[in-house]
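This report examines one protein chain for a reader who is new to structural description. Please look at the sequence and the structure before reading on.

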Amino acid sequence: MKKLLTRKLLAFAMSLCLLVGAVNVAGATQAQVSDFDALTPLLDLVAASAYRAGDEPEIVGNEETTLTPMFISSLFNAGLTADASLGFTEDLLTNAEQQAIVLGKLFTAKLPALEPIAKTEPISGYIGFQPVTVNATAEGDVQIIGEVYHGAKPASQMTDAEYRDVTWLDRAVYTLRASADGIGGYKVAGFSVGAELNMEEAMQNYTESILVEYINTTLGFSILYPSVFTDDMLIEDGDGVSAQLEDGSLRFFVNRVENSGAANLADYTGVIAQGIPGAKYVLNETFSYATLTYDTQEGYTVFDMYIITDKYIYQAELSYKQELARTYQLYTAYMENSFSVDELSVG
């Protein structure tokens, strides 16, 4: 049995947006994500600053709100290692007047009293924002929905292999307001992530356009699968369900078999991982599952997820052509966060 996603995902508590630039949600404008490429360095910087400002990501508001000193400090420090086109220098740390000029070009929010900023050590890795879709708001602003990621470098500079190792942190939304003195003709009038998003209907419409939930009450498991697999592609049998695109570029299955050998999760998956050269193996003992990612000689990247109980071995797999990692890699995060079995009462 299948139904559209109606429940929140476990673990990361997030919804990842897939098929970058290829899917439009209800109310989307004719604008393309590529129309805003010039803003990528700014969007990356705001995301990185929001995440590094404190224990929880900062929310950036519109002209009715005020930027926090913590966010401003994080912004000017992160700016030192940001794209050079943004023009951040160490001199700005001690010049409140210049800080005000820079912030006025970037944000519509009000400014607090500005003071000299202490320089901090750069944090390892790169936090950026991957735009996915563009909407127009009723107020005439532009809304960009996408994903915040952590990687070794900006996404545009990554190889396909590096992209496969990206960690997706959360969904995020920017509100941009047209402004003659803003970067690329816009200022940031809002930024928020995850549970802070005040756009549940739009996100639900978007998610339902790219994902479907498969529920098998007989076998006792459920999982999200890509909606690019239409109903006529699904093949169900006594063990589960499978599907593949006509060109074979993307394949998927989930099944349940008897645990006749009384296998346990660590030993069973560990043996499989040892037998596959170059496999990336992760044992998540907290949520009682393991994942395995590897490349095949046939040119596929394979993502496997295992859940093992005393009675059964549950396995979900997504495989795609290696050159299509930038299109399909995100689906693995959805699978990992949604695959649940009734025996463990997960999900």
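The sections below treat the chain as a whole, then its helices and some residues in its loops.

## Basis of the report

The model is predicted: local features need pLDDT of at least 70, side-chain atom pairs count only at pLDDT 80 or more, and totals for chains, interfaces and linings use all residues. Residues are numbered from 1 along each chain as its sequence is written, and side-chain values use heavy atoms, with hydrogens and water left out.

## The chain as a whole

The chain contains 7 helices and 15 strands. Helices (H or I, at least four residues) and strands (E, at least two) are DSSP runs, numbered from the N terminus.

Of the 347 residues in the chain, 49% are buried. Buried means under 20% relative accessible area, exposed means over 50%, and partly exposed lies in between (1.4 Å probe, protein chains only). Among the contacts with a separation of 6 or more, 59% are between residues 24 or more positions apart; contact means heavy atoms within 4.5 Å.

## The packing of H1 and H2

Two packed helices are described by the angle between their axes and the distance between the axes. For helix H1 (residues 40-52) and helix H2 (residues 69-79), the angle is about 130° and the axes are 8 Å apart. H1 is therefore oblique to H2. Angles under 35 degrees count as roughly parallel, over 145 as roughly antiparallel, 65 to 115 as roughly perpendicular and the rest as oblique. Axes are lines fitted to C-alpha atoms, for helices over the stretch in contact, and angles run from 0 to 180 degrees between N-to-C directions.

Which residues of H1 and H2 meet? From H1 come Leu 45, Val 46, Ala 48, Ser 49, Ala 50 and Arg 52, and from H2 come Phe 71, Ser 74, Leu 75, Ala 78 and Gly 79. The residues of this contact comprise 7 nonpolar, 3 polar and 1 charged. Here Ala, Val, Leu, Ile, Met, Phe, Trp, Tyr, Cys and Pro count as nonpolar, Asp, Glu, Lys and Arg as charged, and the others, Gly among them, as polar.

In helix H3 (residues 96-106), the buried residues are Gln 99, Val 102, Leu 103 and Leu 106. They line one face of the helix, because they fall within an arc of 95° when seen down the axis of H3. The arc is that of the directions from the helix axis to the C-beta atoms. These buried residues pack against H1, H2, strand S4 (167-183) and strand S5 (186-193).

Leu 86 lies in the loop between H2 and H3. With a relative accessibility of 14%, Leu 86 counts as buried. Apart from its neighbours within four places in sequence, Leu 86 is in contact with Pro 41, Leu 42, Leu 45 and Ile 183.

The residues Leu 265, Thr 269, Gly 270 and Ala 273 are buried in helix H6 (residues 265-274). Seen down the axis of H6, they fall within an arc of 105°, so they line one face of the helix. Asp 267, Val 271 and Gln 274 are exposed on the other side of H6. The cover over the buried residues of H6 includes strand S11 (280-284), strand S12 (289-295) and strand S13 (300-308).

Ala 262, in the loop between strand S10 (250-258) and H6, has a positive phi of about 55° although it is not a glycine. Ser 288 is in the loop between S11 and S12; Ser 288 has a positive phi of about 60° and is not a glycine. Ala 262 counts as exposed at 63% relative accessibility, and Ser 288 counts as partly exposed at 31%.
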